[in-house]
Amino acid sequence: MAALLRPARWLLRAAAAPYLPLSLRLLAGGPGRPDAAVCLRAARARPVAGGLLSQARLHSIAAEKKNYLQEEPTSSHRRNASQFDWALMRLDNSVRRTGRIPKTLLQKVFDNTCHSGSPGGNQALLLLRSCGSLLPELKLSERTEFAHKIWDELQKLGTVYDVSHYNALLKVYLQNDHKFSPTDFLARMEKGNIQPNRVTYQRLIAAYCNMGDIEGASTILGFMKTKDLPVTEAVFSALVTGHARSGDMENAENILTVMKEAGIEPGPDTYLALLNAYAEKGDIDHVKQTLEKVEKSDLYLMDRDLLQIILSFSKAGYPQYVPEILEKITYERRYIPDTMNLILLLVTEKLEDTALQILLACPISRESSQNDFGSFFLRHCVTMNTPAEKLKDYCKKLKEAQLHTSPLQFTLQCALVAQKLDLAKVLMKALKEEGFPIRTHYFWPLLVGHQKEKNVQGIVEVLKGMHEIGVTPDQETYVNYVFPCFDSIKSVRAVLQENGCPHDDNVFSQAELRSKAVNGNLDYILSFLESNTLPFSFSSLRGSLILGFRRSMNINLWSKITELLYKDGRYCQEPPGPTEAVGYFLYNLIDSMSDSEVQAKEERLRQYFHQLKEMNVKIPENIYRGIRNLLDSYHVPELIKDVNILVEREKTDSRKPSSSDLESKLEKLKAENQPIGDILKQLIVMLCSEENMQKALELKAKYESDMVVGGYAALINLCCRHDNAEDALNLKREFDRLDSSAVLDTGKYVRLVKVLGKHGKLQDAINILKEMKEKDVPVKDATVLSFFHILNGAALRGETETVKQLHEAIVTLGLAKPSTALSSPLVTLYLEKDDLPAALESTIDCYEKYKILPRIHDVLCKLIEKGETELIQKAMDFVSQEQGEMTMLYDLFFAFLQTGNYKEAKKIIETPGIRARPTRLQWFCDRCIANNQVETLEKLVELTQKLFECDRDQLYYSLLKLYKVNDDWQKADAVWNKMQEENIIPREKTLRLLAEILRNNNQEVPFDVPELWYEEEKDCPTSLPSPVEVNLQQGLLNACHRRRNKDAFNIFLTAKKQNIVFDNETYARLINLLLMKDNSTQAMQVKDFAETHIKGFTLNDAANSLLIITQVRRDYLKDALTTLKTALDLDQIPSRLAVTRLIQACALKGDTESIHDIQKLVNGLEDSIGLSRMVFINNIALAQIKNNNIDVAIESIENMLTSENQTVDPQYFGLAYLFRKVIEGQLEPALKKISIMAERLANQFAVYKPVTDLFLQLVDSGKVNDARALLQRCGAIAEQMPILLVFCIRNCQRPGKAPVMKSLLELIPELIDKEEAYTCLMKSYVFDNDVTSAKALYESLTAKNVKLNDLFLKRYAVLLKNAGESVPFTEPPESFEFYAKQLKESKETHL
Amino acid sequence: MAASAARVAVALRTNIGRPVAFVRKIPWTAASSELREHFAQFGHVRKCTVPFTGFHKGMGWIHFSSEEELHNALQQENHIIDGVKLHVQPQKPKALQGDQTSDEEKDF
């Protein structure tokens, strides 16, 4: 509806700013906004027709009124207007989409309007106008009743009615065939001091005419004449109806002549009135004649008019004529909603057979199988209680006509939604007859309705119904829907028996078992399982049993139940048998627990596992591995060994050699005096995976001299897992002695620190940390998290020194930043001991050292709980002084809230001058949500109602989030009302969330849920752009334009402080500028801000590429990878440089995985980016080498070069980059092996590219002797002229390469015969001013009688001249360019 | 008091690497057993959940025992149960939330 946009345009003009603020752009261009469709429909407005379907105009009129309102700039008006906007949008959407308004929607809009306090006149108008033919699903009388209710209610609330309202009411009366006294109506208006206008009179005439009261109509007509009001076509049309209804068809027809005499040509409305009149009499002949007459004239009847005639025929009891009219309908697309509404109306009027007739005539495309057009009809039939047999028949017909793919199923769904058991039963029987299965869950919607009301009788009825249909209730049915209705399961059984509800005893008792399990009644479970005689599968009980275990702390019962299920033939008979079943159960048990739960129950779980071990319960090894991974990710690796004891050894993979096999093999080799290093390592690793520490250690002691690094690493890890600090430390020392430069992986270091710390070997732990730093062990997020766990564990154990010293070491070594999280154990230490003064002291100390206040909230809460007034004062003074009074007030506010001191909290938040701090409020909200503190969050929302600048919608959004967690739709619904009371316009995301909660609980959603057109709208400032905003933005863009990054960034900061948000474009330009100026920290700051304030904010290709390069340079590889992902997700093409840099950086870190990730990410884009496959091959190999996986790297390269299906032609398989990095990095072992590989490829496979590349790189890095040796071993290198020449040509482009070229020539003298080569050589010598070498070259060439080209001679001549020497030949006279060009041309002609 | 510590850990835990298919647009006539039956053709279905409160909401989760099986299921273009086409996609891992558990850092 274009009218809606008018106020927005007006505002745009007023603001006249080149850059629109977000809110306005949304308003102007946002989808979901009405378009012109409604206006179109209203193209022909007929105020009197008494028409069924000419209503849509109302909204545009209402919106015009609103437009007028908006121009008054007071804030209350604005609020009213936006409230109106909201209502209008919802109603309008509905009308636009469907041509009607559902009653519930109108009711909700009405309720909200009432709640908003003083509804404006335009809102009243909107509501009243909606009560006519826009409600086809309501009976006529109900619609009028609704209109009256709205009228009275709004009047009570102080709405002032004007003539437009009275006219609207009249219109509703006409549309609803409401019988009333026009004179009384006029009297009422008079009493209200409202002057009737022309429209009023017209409508009153129509009212009289509808009753067939020509006399009454004439009286009003008289009034109009005395007032000199013009008599319009509408009046004449009404008179046609009037005469006809008074039984005087002749005069009705005569009206047309009268009209013409009065100078008014009868239009479609008049003819329609006449047609309706004939139809009401069942006079099909006249209808047809008239229609023909109209067709011949230049008038045109629309589908909508024809539908009206159909309605008249049907209502008057002549359905037999409907088909004849239907034939004439053209079914223009835009009238489909009108047709649907007629169908609905007919169903409402109990004329459903005619409705079906019309439906079947609808030319809806029937090809696509997804077409279920008839749904609306079926649903309404169910609502209107159409007899079941009829519905069955309709379903059949719709199916035949291909208007519905599964009409019976759909109707059944409607019946279930409407809780109509009897209808549902009939439909299910019909489905069954057609061979469809009737599934148990079909009955759940019926049960859930009764369950909510605890309606036992209702439940029994449904269960009986199930029996009747032949469906046996399953366990879910009992556990979820039946049992909750009763006080005890015993009484369920009794009631079912009493009512003759048959039930399967087996199913029932298992359901009972599950129900008890869920409630944690393990005693019952055990005794049931012991006495039970019916076998059933363990897995059916698994889910409930897990819940039960977690609710019970009785480990003995845990074990006994598990044992029984494991050993008793009744429960684990099915394959794969008890080992699998119990193993899987244990896995699920742990998986279902959170990591904190597992940590808290560590001891109990250990006890449980050991009891299982004693009971000889076993689990398969593969499931054990799953559990091991889980425990690792939960940070409780200490439990792994306790699970390991359960592993079924006999059945471990028979394909692999067992440890004893390996051991005998080892002994044999030893006896034969052969090297045993490899096999020893294998054996140790195997023992480690079997958690056999003792044996592994013995083995190590026995063959100490043959131990390799890998074996030690596995052993160290094993000892750590077994909490064996002593051996772990010793092994680490031996490991260092073996190879002091060897590096463990991060996880092993961290585990060592943990174990050593735990056993009081503080200094050793710190030494490990130092080593981590020295060896530059990568510290990832997970590592920092592990540090936290180590510290936190120690804090919980109360080990003051451990916490302090390790924290100190981690922070001073720079392994991790002293973040709030990492430092919180320093405070936890004292909180756990209830030593509040020390806790506070520690927090303050952290502030002084690191400018953070860890756990200040928890400290304050405890202080408040203990009533430590002095300490509270101290804390508050400190916070106040360091972070300002406002922060202090918030700290105190949250602490009071948390501890339930709401009165005090209220006092704090009402402190004059306090204002909303969105981040802090959000922090507390999130905290409440995470801890499920419903009351606390409710109080927060309540107390901040009057807080200055508080984003109420955001707070309510948080509250709804929490309600969603708890699935509490009643409270969510109440929030909805509260928001209305507070006059808050909810954001779309809030509405969506609310709708989700309601829908999840099968509640009707009382509003049109806004469609998701982009992710979530984070912030949509509702205020207008202030001049300040506009100026700032302008300034920023100017600064960007002039590349003044500092100025631009300062403007950004200023705006940020004032909470001003610019648009996407502005931020993008600022970020580009900052990145170009290499100011990535600031760029990131801007990016973060933009991302949190503009949902869907993205950088463009160039900016993302720049960002990647910057991130790589600063070694934020993870971030860079994320940036790359983001860019690719946006279908951007990052620059080749950016991607290559990132890959190379990953390779240097040995991060193979990331390179593989990148490869996957850019898969298919290589050509667009310009990325060669070799980039990946080189860097993956390099990464592997960095990880000491030299063999793997070499093997894969060799495979690529020797396999049948090569992806890269060997002659382009350039490994120069890899060789250079290996040489530069002095990775001697790798270089050695690579060299062997290159030679092997050359000698055995005749692939010479790698060996030549290696040779050249050796030369290039000055390792001439190595190069010479290689050349001697592999003479074919000298024959690889193309490769060698390319090397020459590349090298001579850069200065400083003369020595390299010289060495190359020395090694391969044949090169000099090539023109490209000697040209390059000369170029290099000239570059480096190497006169001697140049002379030597010239002489040797002339000695060979080589004919030198002019360019060569020119170069040489210039070099000699510059060196002050004479030129022994005539210098070519032209310029360099000339000869270069000449040379090029001559080469081209040779080709 | 260790609650805040636990929260850090929970926030950092992800469900990466679990082969789960997220299914939408399940017709109301189908429940978990129908889903399980359908998806069994792609591999071993470890767990199949379709949350119900009277009706289900058209959503369900299929836990396969390996990535490969999940991949098989995702490869298939059309999944049709009771004549209705399902929407099948891999379950996205929950986003990492970082280790900012407190607002103190943000609030300077």
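Strand S2 (residues 45-49) of chain B and strand S5(B) pair in the antiparallel sense over 4 bridges; two strands count as paired if DSSP finds at least two bridges between them. The model is predicted, so local features need pLDDT of at least 70 and side-chain atom pairs count only at pLDDT 80 or more, while totals for chains, interfaces and linings use all residues. Residues are numbered from 1 along each chain as its sequence is written, chains are lettered from A and ligands numbered from 1 in the order in which they are written, and side-chain values use heavy atoms, with hydrogens and water left out. Helices (H or I, at least four residues) and strands (E, at least two) are DSSP runs, numbered from the N terminus.

**Strands of chain B**

- Strand S1 (residues 20-24) of chain B also runs antiparallel to S5(B), joined to it by 4 bridges.
- B:Ile62 in S5(B) is the bridge partner of B:Ala21, and B:Ile62 is likewise the bridge partner of B:Cys48.
- S5(B), residues 60-64, is mostly covered, with 4 of its 5 residues buried; buried means under 20% relative accessible area, exposed over 50%, and partly exposed in between (1.4 Å probe, protein chains only).

**Chain A as a whole**

- Chain A holds 78 helices and 0 strands.
- Buried residues make up 54% of the 1391 residues of chain A.
- Take the contacts in chain A (heavy atoms within 4.5 Å) between residues at least 6 apart in sequence: 68% of them join residues at least 24 apart.

**Helix H43 and its surroundings**

- H43(A), residues 746-758, has 13 residues and reaches 18 Å from its first C-alpha to its last, close to the 18 Å expected at 1.5 Å a residue; the expected span is 1.5 Å times one less than the number of residues.
- At the start of H43(A), a side-chain oxygen of A:Asp745 comes to within 3.2 Å of the backbone nitrogen of A:Gly747.
- The buried residues of H43(A) include A:Tyr749, A:Val753 and A:Leu756, and what covers the buried residues includes helices H41 (709-721), H42 (725-738) and H44 (762-774) of chain A.
- Just after H43(A), A:Gly760 has a positive phi of about 75°.

**A buried histidine**

- A:His165 sits in helix H9 (residues 163-175) of chain A and counts as buried because its relative accessibility is 1%.
- Its side chain makes a polar contact of 2.9 Å with the side chain of A:Asp162; such a contact is a pair of N or O atoms within 3.5 Å, where within protein one must be able to donate a hydrogen and the other to accept it, and residues adjacent in sequence count only if both atoms are side-chain atoms.
- Leaving out residues up to four places away in sequence, A:His165 touches several residues, including A:Leu125, A:Trp151 and A:Val160.

**Nonpolar cores**

- The largest nonpolar core has 172 residues, and those with the most contacts inside it are A:Ile309, A:Phe377, A:Phe443 and B:Phe39; a core is a set of buried Ala, Val, Leu, Ile, Met, Phe, Trp, Tyr and Cys residues joined through side-chain atoms within 4.5 Å.
- Apart from this core lies another, of 134 residues, among them A:Leu666, A:Met772, A:Val803 and A:Val975.

**Cysteines**

- A search of the whole structure finds 0 disulfides over all chains, a disulfide being a pair of cysteine sulfur atoms within 2.5 Å.
- A:Cys950 is in no disulfide, and the nearest cysteine sulfur, that of A:Cys925, is 8.7 Å away.
- A:Cys950 counts as buried because its relative accessibility is 13%.
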